[in-house]
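Here is a short briefing on one protein chain. Look over the sequence and the fold, then read the points below.

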Amino acid sequence: MRISAKGSYAIAALIEIANQTALGKPVSTYNIAEKLGVSKIFLEQTITLLKKNNLLLSTKGKNGGYRLARAADSITALDILFAVEGGLFEKTETTGLKQSPANVLVLEELIFNPLDKAVADCLVSVTLQNLQDAIVQQGDNQSFMLYI
């Protein structure tokens, strides 16, 4: 499975928005792009998909920006990736095997369907809150490192 840059930036942007939203203020695309070191135009395309899929709310105006549409602990990695990488979750094509229906059935039952389920189960088990917590923990671990 290969997640595109758009998927990675979508997750990173939502983490940043969740962190800033916790401080009570919406986050501008410019601030997110600057923090992540990514093109504002590229990020806007990603954010548009997240908003379209009801993961973000926007506020217009001078103090406008984006905030989460729901709590960080109710947004899963599956929600995020599905919003920006819909094709990633399409069923595996077996059209080339039409001459052998038994092969198609076996491949679907023993490989493709269990693989799809395992990926979905993994992604649904990780929430935006889990990611935020892990980043905080990682930061805590880094602060105690001694360099000699």
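In this predicted model, 63% of the contacts with a separation of 6 or more join residues 24 or more positions apart. The protein has 148 residues, and 27% of them count as buried.

**Overall architecture**
- The secondary structure comes to 6 helices and 2 strands.
- Along the sequence, the pattern reads α-α-α-β-β-α-α-α.

**Leucine 81**
- Leucine 81 sits in helix H4, which covers residues 77-84.
- Beyond its neighbours within four places in sequence, leucine 81 is in contact with Ile3, Gly7, Ile11, Gly86, Phe89 and Leu123.
- One of these partners, leucine 123, is 42 residues from leucine 81 in sequence.
- In space, the C-alpha atoms of leucine 81 and leucine 123 are 8.7 Å apart.

**Leucine 110 and the surface patch**
- Leucine 110 belongs to helix H5, residues 101-124.
- With Val106 and Ile111, Leu110 forms a nonpolar patch on the surface.
- Together, Val106, Leu110 and Ile111 have about 290 Å² of accessible area.

Terms used:
Residues are numbered from 1 along each chain as its sequence is written. This is a predicted model: local features need pLDDT of at least 70, side-chain atom pairs count only at pLDDT 80 or more; totals for chains, interfaces and linings use all residues. Side-chain values use heavy atoms; hydrogens and water are left out. Patches are made of residues with over 30% relative accessible area and no salt bridge: like charges are joined within 9 Å, nonpolar side chains (Val, Leu, Ile, Met, Phe, Trp, Tyr) within 5 Å. Accessible areas come from the Shrake-Rupley method with a 1.4 Å probe; for residues, only the protein chains shown count as cover. A salt bridge is a side-chain nitrogen of Lys or Arg within 4 Å of a carboxyl oxygen of Asp or Glu. Helices (H or I, at least four residues) and strands (E, at least two) are DSSP runs, numbered from the N terminus. Buried means under 20% relative accessible area, exposed over 50%, partly exposed in between (1.4 Å probe, protein chains only). Contact means heavy atoms within 4.5 Å.
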